[in-house]
Amino acid sequence: MSGDESVSSSNPSDSETSDAVPEVVAAADPAPRPTRRSFTAEYKARIVAEYEGAPRGEKSGVLRREGLYHSHIKEWAAARDAGALSGLTDSRTSAKRPHKSAPAGEAARLRAQNTRLAAQLAQTRTALDIMGKAHELLEMLSESTGTSSPSRRS
């Protein structure tokens, strides 16, 4: 037996068997979609307490064991401090959660106001510049005629 005979090809078109058919069918099956994790208020309170009670070197072990991030703990601790267990409920399902479009609308309104005020400021600066030039021109004309008028400025 030579070395070429013992090597099998991984290309399905090279094989003469019907092994390629199940592989194609298996690839056509969609993978199950991952589900979002949700945590109970009791779980959040227990984990936050355990994290805060752990010594400095063991806090990351709590996170790894539970499959959590530090941001989870920060968010849950802030919710606990703000409203005890009622604040630890899932904010995605809360009826009091503000709409995301409200801050976007507020930002758009503030941008429009900023644009309007910037245009008004440019107009005011232009008017002041023109007034300054007109004042200089009138002073030059007054000096060239030889009449001096008392300055009204102190």
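Predicted model: local features only at pLDDT ≥ 70, side-chain atom pairs only at ≥ 80, totals over all residues.

Biologist: Which elements make up the protein chain?

Modeller: There are six helices and zero strands, so the order from the N terminus reads α-α-α-α-α-α.

Biologist: Why is Met140 called exposed?

Modeller: The cut-off for exposed is over 50% relative accessible area. Met140 has 55% relative accessibility, so Met140 counts as exposed. Met140 lies in helix 6, residues 101-145.

Biologist: What makes Leu137, Leu138, Met140 and Leu141 a patch?

Modeller: Nonpolar side chains are joined within 5 Å, given over 30% relative accessible area and no salt bridge. Leu137, Leu138, Met140 and Leu141 form such a nonpolar patch on the surface, with about 430 Å² of accessible area together.

Biologist: Which residues of helix 5 are buried?

Modeller: In helix 5, they are His72, Ile73, Trp76, Ala77 and Ala79. These cover an arc of only 160° around the axis, which puts them on the same side of helix 5. In general, an α-helix has 3.6 residues a turn, so residues three or four places apart point the same way.

Biologist: And what do the buried residues of helix 5 pack against?

Modeller: They pack against helix 3 (41-53) and helix 4 (59-66). On the other side of helix 5, Lys74, Glu75, Asp81 and Ala82 are exposed.

Biologist: How do you know that helix 5 has close to its expected reach?

Modeller: Helix 5 has 14 residues, 70-83, and its first and last C-alpha atoms are 20 Å apart. At 1.5 Å a residue, 20 Å is expected, so the reach is close to that.

Key. Residues numbered from 1 in each chain as written. Heavy atoms only, no water. Helix = DSSP H or I, 4+ residues; strand = E, 2+ residues; numbered from the N terminus. Buried < 20%, exposed > 50% of the residue type's maximum accessible area, 1.4 Å probe, protein only. Arc of directions from axis to C-beta. Contact = heavy atoms within 4.5 Å. Patch = residues over 30% accessible without salt bridge, like charges linked within 9 Å, V, L, I, M, F, W, Y side chains within 5 Å. Areas by Shrake-Rupley, 256 points an atom, 1.4 Å probe, with all protein chains shown as cover. Salt bridge = Lys/Arg side-chain N within 4 Å of Asp/Glu carboxyl O.
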